[in-house]
Amino acid sequence: EYQSMRDVGIAVIRAVGVDTGGCNIQFAINPDDGRMIVIEMNPRVSRSSALASKATGFPIAKIAAKVAVGYTLDEIPNDITAETPASFEPTLDYVVVKAPRFAFEKFPTADPTLTTHMKSVGEAMAFGRNFAEAFNKALRSLEDPKAPFDFTSAIDEPLGAVLERAGVPRDGRHQDVMRAFRLGASVDQVNQATGIDPWFLDQILQIHEIADAVGRAPSLTPELLRRAKRFGLSDSQLAALRRTSDEVIRGVRWALGVTPVYKT
């Protein structure tokens, strides 16, 4: 599927007639049969280009400028490796998640159902060693108290109602998916109701299982804390699960030697 997108991407660029510079093409793939469609094509750098540049460490604007004055990609060295040329794709040992920020409360007459139209007012980007960690960090970065997963509040409606609401793409849909798992739904059930790829649903289910383990554990061990942090759970979420304060969790975490590290 990746190679197919590369080939179609080049075909689209040639058909549109873009000779040089940055270009942004967005695809949709049906996970059931692999059918691929082009959602949009921008014959220029876009907001997504800046995000992709930061996410990969590949300086798209700089490379585009050099290509525009006559260099070819194999003549431009990669700044990071200093050995491979710019014609090589960046290889990543981390995951980057982009989370959109919506503000439908400011537009009461707008239709909150999400389509291929741009309805977000911004986005947050987060890095992690796995999808779950990056996803949770991205949700916290939205500066919206309703965005991070809620594992503790009471659910006063049946599973069917939650699944029906999760079937409509809208802001906060990920919370309904989490509520469905908290009510005992399987990945297949949520997939049938929402059409979300089972891989992503499985990741959210794993986040739920880790949170469940934290809530049920007799005490917080270094192993459990590390596992929770690897799945991106915040001190606030852990505090809610343990019915204590953020300060207590932070104190326990530092006492057990579970501290943040930063990678360049």
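1. Start with a term. A cavity is a set of grid points where a 1.4 Å probe fits but cannot get out. The model described here is predicted.

2. Now the count. There are two cavities of 30 Å³ or more in this model. The second largest cavity holds about 30 Å³ of space. Its lining is made up of D150, S153, Q175, R179 and R182. By class, that lining of the second largest cavity has no nonpolar residues, two polar and three charged.

3. Next, the largest cavity. Its volume is about 60 Å³. Which residues line the largest cavity? They are F58, P59, K62, I63, I76, P77, N78, D79 and A86. Six of the lining residues of the largest cavity are nonpolar, one is polar and two are charged. Compare that with the second largest cavity, whose lining has no nonpolar residues.

4. Turn to a helix pair. Helix α10 covers residues 235-242, and helix α11 covers residues 246-255. The two pack at an angle of about 105 degrees, and their axes lie 8 Å apart. Angles of 65 to 115 degrees count as roughly perpendicular, so α10 is roughly perpendicular to α11.

5. Who touches whom in this pair? From α10, the contact includes D235, S236, L238, A239 and R242. From α11 come D246, I249, R250 and R253. The residues of this contact between α10 and α11 divide into three nonpolar, one polar and five charged.

6. Look at the loop between α10 and α11. R243 is found there. R243 has a positive phi of about 55 degrees, although it is not a glycine. Is R243 buried or exposed? Its relative accessible area is 75%, so R243 is exposed; the cut-off for exposed is over 50%.

7. E143 is another residue to check. It sits in the loop between α4 (131-141) and α5 (159-166). E143 is not a glycine, yet its phi is positive, at about 55 degrees. With 70% relative accessibility, E143 counts as exposed.

8. Finish with S234. Its place is in the loop between α9 (222-230) and α10. Why does S234 count as buried? Because its relative accessibility is 11%, and buried means under 20%. Leaving aside neighbours within four places in sequence, S234 is in contact with R140 and K229.

Key
Residues are numbered from 1 along each chain as its sequence is written. This is a predicted model: local features need pLDDT of at least 70, side-chain atom pairs count only at pLDDT 80 or more; totals for chains, interfaces and linings use all residues. Side-chain values use heavy atoms; hydrogens and water are left out. Axes are lines fitted to C-alpha atoms, for helices over the stretch in contact, and angles run from 0 to 180 degrees between N-to-C directions. Helices (H or I, at least four residues) and strands (E, at least two) are DSSP runs, numbered from the N terminus. Angles under 35 degrees count as roughly parallel, over 145 as roughly antiparallel, 65 to 115 as roughly perpendicular and the rest as oblique. Contact means heavy atoms within 4.5 Å. Ala, Val, Leu, Ile, Met, Phe, Trp, Tyr, Cys and Pro count as nonpolar, Asp, Glu, Lys and Arg as charged, and the others, Gly among them, as polar. On a 1 Å grid over the protein atoms alone, a cavity is a set of points where a 1.4 Å probe fits but cannot get out, and a pocket is an open set with protein on both sides within 12 Å along at least five of seven lines; lining residues have an atom within 4 Å of a point. Grid points are joined across faces, edges and corners, and a volume is the space filled by probe spheres set on the points. Buried means under 20% relative accessible area, exposed over 50%, partly exposed in between (1.4 Å probe, protein chains only).
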